[in-house]
Amino acid sequence: MGILLDDQFDSAPLGRKPGPAAAVLNHMNAAIEEPRSVSDRLHPFEVAMVDLLSDLAAVMSPVWMRRHRHHITLWWMGVAQAIIHRTRPDTAAVEQRRRIRRKTVGMDGLSDLLEVACGFELPLALYAMDEIQRMRQIVVDMTFYQNDMCSLDHEIASGCDDNILLAWEADGNTLQQSIKLVKGHITKLADEFVTLTTLLPTLAQELELTERQRGGLHRWADTCALYSSGAGHSQAICGALHESAICHGPRSPS
């Protein structure tokens with residue numbers, strides 16, 4: 001769903017028209033905040049979003065659903081910010097681009113879905129812990145760093161500059177230096193995630209989690225790690241496929 005919707009705002013004409021794009025995103029946001037029956041809706045994206053949320057509501061709590069809807073709204077806010085910055089290229093500094101990519105590619109909403117995948121909903125007190133928040137942020141950051149490294153050639157070919165490597169390059173780095181920077185960030189994030197997993201038994205003890213909750217917490221951490229690793233592999237494969245179709249010579253990150 002995310003990829004299909006994002007594609008409407010990337011290299012497509014809508015991606016450079018803040019007004020019409022905002023109208024579409026406002027409509028989608030209203031759909032999830034004031035849901036009606038699916039039969040009342042006409043647009044396929046709206047139908048799909050409401051249908052997906054309905055499926056999630058059958059297995060996740062109302063508290064989780066509120067959190068997830070909020071994160072979906074942040075994703076769409078990131079899409080709007082990306083479109084605005086395309087029309088104001090002088091404002092697309094590295095930190096601004098990083099904040100946008102965290103919303104549009106990393107996506108807290110996607111990180112939420114890892115709880116669905118492992119069958120364990122983080123209790124509010126556990127979700128609020130700094131260590132858990134940091135682990136979620138690492139998953140988000142690794143997702144967009146890996147995506148941007150692997151999709152660079154494709155984005156250059158499509159004329160879309162929403163990539164952290166291109167922001168670093170515009171900041172005075174060579175492309176190879178930018179690639180080295182992103183690889184360094186990924187390695188540091190992976191090491192930090194491993195360190196944080198060693199603190200989970202202490203967190204479980206502090207919050208007096210039950211054995212079942214402790215098992216769920218460790219299953220969640222394993223799922224986050226598996227997702228981050230798998231996402232990297234799949235994005236690398238997609239990047240290789242794009243590269244085989246479009247050659248950019250020395251600009252290629254490979």
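Predicted model: local features only at pLDDT ≥ 70, side-chain atom pairs only at ≥ 80, totals over all residues.
Now hop over to Glu208, in the loop between α12 and α13. Here again there's a positive phi, about 55°, on a residue that is not a glycine. Glu208, though, is exposed, with a relative accessible area of 68%.

Next, the inside. The largest nonpolar core has 38 residues, and the ones touching the most other members are Leu122, Leu126, Ile132, Met135, Tyr145, Leu217 and Trp220. Quite a list of helices gives two or more residues to this core, including α5 (94-106), α6 (108-118), α8 (130-150), α11 (175-197) and α13 (211-245). The largest share, eight residues, comes from α8.

Take Met135 and see what it meets beyond its neighbours within four places in sequence: Phe193, Leu196, Thr197, Leu200, Trp220 and Ala221 are in contact with it. There's also a second, separate core of 19 residues, with Met28, Phe45, Leu53 and Trp76 among them. In soluble globular proteins, nonpolar side chains tend to be buried together.

How far does the predictor back all this up? The chain averages a pLDDT of 84, and 85% of the residues score at least 70. Residues 241-254 are the stretch to watch: there the pLDDT is below 50, although the model gives this stretch 22 contacts beyond near neighbours in sequence.

Definitions and conventions: Residues numbered from 1 in each chain as written. Heavy atoms only, no water. pLDDT = per-residue confidence, 0-100. Contact = heavy atoms within 4.5 Å. Core = buried A, V, L, I, M, F, W, Y, C linked by side-chain atoms within 4.5 Å. Buried < 20%, exposed > 50% of the residue type's maximum accessible area, 1.4 Å probe, protein only. Helix = DSSP H or I, 4+ residues; strand = E, 2+ residues; numbered from the N terminus.
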